[in-house]
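Subject: Structure handover

Hello,

Here is the structure I promised to pass on. Please open it first, then read the notes below.

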Amino acid sequence: MKTILAPIDFSRVTDAVVDEAAALAHAFQGRVVLLTITQPALMLSEYAPVADNVAEIAAAGEKNAARQLAQFEAKLAAHAISVESVQLTGMPTTLILEQAEKISADYIVMGSHGHTALYDLIVGSTTHGVLLRAQCPVIIVPTVKAKGLKTREERYAVV
């Protein structure tokens, strides 16, 4: 059984990432592990007026992520795909790579947001970091699907 790790962030590309992971799992009678990572709240100043609400804001974000994860998990389970979900807090690139190792992932399926080179230089790219250090194949799902791509069935047809 192949294990497919699908890190998701509930952005525009999330549905496509889940669909690709599901198609791959179906083709290889595998399982999907949905992973979402919330970053720890950033305190810019101990005097910031928001400081009192940081824990509340973080808890609300984690609760919302858990609700969305459950929806994706139910969607995959309804299509007879073995699925589980994991929710972590921390630095995305590091946690994705650690989780991939922990579950012995055969594939990582993740989205690309298509930021500019300047953005990636300043902020960094989770996808790029995973690509550089992953120990298994990484499948990148573009934000905007290009015309003329083969269907999922054609891409994952087992010969």
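**What was found**

At 23% relative accessibility, Phe 10 counts as partly exposed. Here buried means under 20% relative accessible area, exposed over 50%, and partly exposed in between, with a 1.4 Å probe and protein chains only.

A word on the source. This is a predicted model, in which local features need pLDDT of at least 70 and side-chain atom pairs count only at pLDDT 80 or more, while totals for chains, interfaces and linings use all residues. Residues are numbered from 1 along each chain as its sequence is written, and side-chain values use heavy atoms, with hydrogens and water left out.

**Overall layout**

The protein has six helices and five strands. Helices (H or I, at least four residues) and strands (E, at least two) are DSSP runs, numbered from the N terminus. From that end, the order of elements is β-α-β-α-β-α-β-α-α-β-α. Of the 159 residues, 37% count as buried. The accessible surface is about 9900 Å², and carbon and sulfur atoms hold 57% of that. Accessible areas come from the Shrake-Rupley method with a 1.4 Å probe; for residues, only the protein chains shown count as cover. Take the contacts in the protein with a separation of 6 or more: residues 24 or more positions apart account for 79% of them. Contact means heavy atoms within 4.5 Å.

**The sheet**

The five strands form an open sheet with parallel pairing, in the order β3-β2-β1-β4-β5. Two strands pair if DSSP finds at least two bridges between them. At the edges are β3 (82-89) and β5 (138-142), each pairing on one side only. From one strand to the next, the twist averages 25°. Axes are lines fitted to C-alpha atoms, for helices over the stretch in contact, and angles run from 0 to 180 degrees between N-to-C directions.

Now the pairings:

- β1 (residues 3-7) and β2 (residues 31-38) run parallel, joined by five bridges. Ile 4 stands opposite Val 32 in β2. Pro 7 stands opposite Leu 35 in β2.
- β1 and β4 also run parallel, with two bridges between them. Leu 5 has Ile 108 in β4 as its bridge partner.
- β4 and β5 pair in the parallel sense over five bridges. Gly 111 has Val 141 in β5 as its bridge partner.

How many of the residues of β2 are buried? Eight of the eight are, so β2 is largely enclosed by the rest of the structure. Both of its faces are covered. Arg 31, Val 33, Leu 35 and Ile 37 are buried on one side; Val 32, Leu 34, Thr 36 and Thr 38 are buried on the other. In a regular strand the side chains alternate between the two faces of the sheet. For β4, five of the six residues are buried, so that strand too is largely enclosed by the rest of the structure.

Helix α3 (residues 92-102) lies across β1, β2, β3 and β4, and runs at about 155° to β2.

In α5 (residues 126-133), the residues Thr 127, Gly 129 and Val 130 are buried. Seen down the axis of α5, its buried residues fall within an arc of 165°, so they line one face of the helix. The arc is that of the directions from the helix axis to the C-beta atoms. These buried residues pack against α3, β4 and β5.

**Aromatic pairs**

The whole structure holds two aromatic pairs. Rings of Phe, Tyr and Trp (its six-membered ring) pair if their centres lie within 6.5 Å; planes under 30 degrees apart count as stacked, over 60 as edge-to-face and the rest as tilted.

Phe 10 lies in the loop between β1 and α1 and Phe 72 in helix α2 (residues 54-78), so the pair ties together parts that are 62 residues apart in sequence. Phe 72 counts as buried, at 11% relative accessibility.

Phe 28 and Tyr 107 have ring centres 6.1 Å apart and planes at 15°, so this pair is stacked. Phe 28 lies in the loop between α1 and β2 and Tyr 107 in strand β4, so the pair ties together parts that are 79 residues apart in sequence. Phe 28 is partly exposed at 29% relative accessible area, whereas Tyr 107 counts as buried at 19%.

Best wishes
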